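Here are a few notes to go with the model, for you to read alongside the coordinates.

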Amino acid sequence: MNNQAFIINGNNVYWNIIFEPILYINGEIQEILIVVIDVTAEIKSNLVMEKTLKLQGEFLANVSHELKTPLNVIFAAVQLFSMYCSNGSLDERKDSIIKYIQSIKQNSYRLSKLINNIVDSSKIEAGFFQLNLSNNNIVEVVEEIVMSVTDFTDSKGLNIIFDTDIEEKIIACDPEKIERIVLNLISNAIKFSENGGEIFVDIKDENEFVEISVKDNGIGIERQHLNMIFDRFKQVDKSLSRNSEGTGIGLSLVKSIVELHGGSIHVESEAGRGSKFTVILPTRNVFFESNLYDREVGNKKQSIQVELSDVSL
Ligand code: ADP
């Protein structure tokens with residue numbers, strides 16, 4: 001009897017049970033030897049594997065859809081341009097061409113964001129994702145990010161407000177990755193807010209650690225979804241995205257990057273009232289600072305466009 005399930009002391013266990021008769025010389029059964037092999041660990045790891053494969057399948061289907069959407073937009077614009085070329089109407093279509101170039105740009109940013117997220121997510125999983133830690137004034141880093149997104153918030157009819165209880169707090173962090181964390185949270189706050197909404201980005205000094213929070217008064221998150229939005233693969237549920245663009249990788253990546261900094265992230269939210277994401281980073285300094293940067297110098301503006309590509313201007 002293979003893989004027989006039992007509940008022992010409230011735990012699920014799985015056994016393979018072998019019945020082996022021991023015979024007298026005349027062939028009659030003398031006794032029956034029962035061998036019980038505990039296969040719980042094997043069965044449980046198979047169940048976990050099956051679940052992961054299913055989630056990966058769903059993830060791939062979703063990602064393919066997300067890749068195809070911007071690609072279709074770019075392809076349609078290319079077809080239009082070649083039509084304008086062949087019927088000689090390029091000059092008179094200048095305005096519409098400028099509009100389509102903007103759309104190609106926007107959708108290229110969306111593709112970049114998605115590809116970056118997939119690559120980084122796999123790097124984290126494989127343990128290859130690295131932080132370039134240096135000692136920085138976290139207040140300045142976050143304030144600069146907030147300042148850089150005001151065009152986006154203005155264009156969406158949203159108000160973004162930065163507040164801090166300290167002017168300077170030097171902590172060991174990777175400023176490019178902090179930018180990614182904060183931009184991701186702001187991008188979600190923009191995406192899930194309605195016209196006239198407010199976004200508060202606050203910094204609080206708690207001595208041993210520093211708290212960065214991004215709060216919105218947008219659509220909020222249902223209680224039953226709260227504990228799954230940080231999961232890799234799982235949150236890629238389209239019904240959760242409520243018609244907004246996105247893949248659902250963002251928050252799991254944010255969580256991993258925060259944890260690589262030795263910190264944590266949590267969310268408080270109420271459907272219909274808004275959400276507040278709080279990142280807690282430890283106050284510590286590094287002795288050897290890394291001056292390596294992942295992106296090319298001067299490309300900050302472009303990386304902001306990439307991170308906020310879900311919420312175009
Ligand atoms: P996505 O790319 O889909 O935004 P995320 O991992 O960033 O992926 O977020 C996962 C899900 O969490 C979103 O699809 C959304 O349902 C929910 N969510 C995240 N931030 C907010 C927010 N500020 N307000 C409401 N829902 C949010």
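This is a predicted model: local features need pLDDT of at least 70, side-chain atom pairs count only at pLDDT 80 or more; totals for chains, interfaces and linings use all residues.

**Notes on helix packing**

1. Ile 115 is partly exposed, with a relative accessible area of 43%; buried means under 20%, exposed over 50% and partly exposed in between, using a 1.4 Å probe and protein chains only. Ile 115 belongs to helix 2.

2. Residues are numbered from 1 along each chain as its sequence is written, and side-chain values use heavy atoms, with hydrogens and water left out.

3. The chain has 8 helices and 10 strands, which are DSSP runs numbered from the N terminus (H or I, at least four residues, for helices; E, at least two, for strands). The radius of gyration is 27 Å, well over the 20 Å that the globule rule gives for 313 residues, so the chain is more spread out than a compact globule. That radius is taken over C-alpha atoms, and the rule is 2.2 Å times the number of residues to the power 0.38. The C-alpha atoms fill a box of roughly 100 × 65 × 45 Å along the principal axes.

4. Buried residues account for 40% of the 313 residues. Of the contacts between residues at least 6 apart in sequence, 69% join residues at least 24 apart, where contact means heavy atoms within 4.5 Å.

5. How do helix 1 (residues 40-86) and helix 2 cross, and at what angle? Their axes come within 9 Å and cross at roughly 155°; axes are lines fitted to C-alpha atoms, for helices over the stretch in contact, with angles from 0 to 180 degrees between N-to-C directions. That makes helix 1 roughly antiparallel to helix 2 (under 35 degrees is roughly parallel, over 145 roughly antiparallel, 65 to 115 roughly perpendicular and the rest oblique). The residues of this contact divide into 18 nonpolar, 5 polar and 2 charged. Here Ala, Val, Leu, Ile, Met, Phe, Trp, Tyr, Cys and Pro count as nonpolar, Asp, Glu, Lys and Arg as charged, and the others, Gly among them, as polar.

6. Helix 2 (residues 94-126) also packs on helix 8, with axes that come within 8 Å and cross at roughly 85°. Helix 2 is therefore roughly perpendicular to helix 8. From helix 2, Tyr 109, Ser 112, Lys 113 and Asn 116 meet Gln 302, Gln 305, Val 306 and Glu 307 of helix 8. By class, that contact has 2 nonpolar, 4 polar and 2 charged residues.

7. Helix 8 (residues 300-307) packs against helix 5 (residues 175-191) as well, at an angle of about 40° with the axes 10 Å apart. The two are therefore oblique to each other. On the helix 5 side, Glu 179, Arg 180, Leu 183, Asn 184 and Ser 187 meet Lys 300, Ser 303, Ile 304 and Glu 307. This contact has 2 nonpolar, 3 polar and 4 charged residues.

8. Finally, helix 7 (residues 250-260) has several buried residues, including Leu 251, Leu 253, Val 254, Ile 257 and Val 258. The buried residues of helix 7 pack against helix 2, helix 5, strand 9 (264-270) and strand 10 (274-282). After helix 7 comes Gly 262, whose phi is positive, near 85°.
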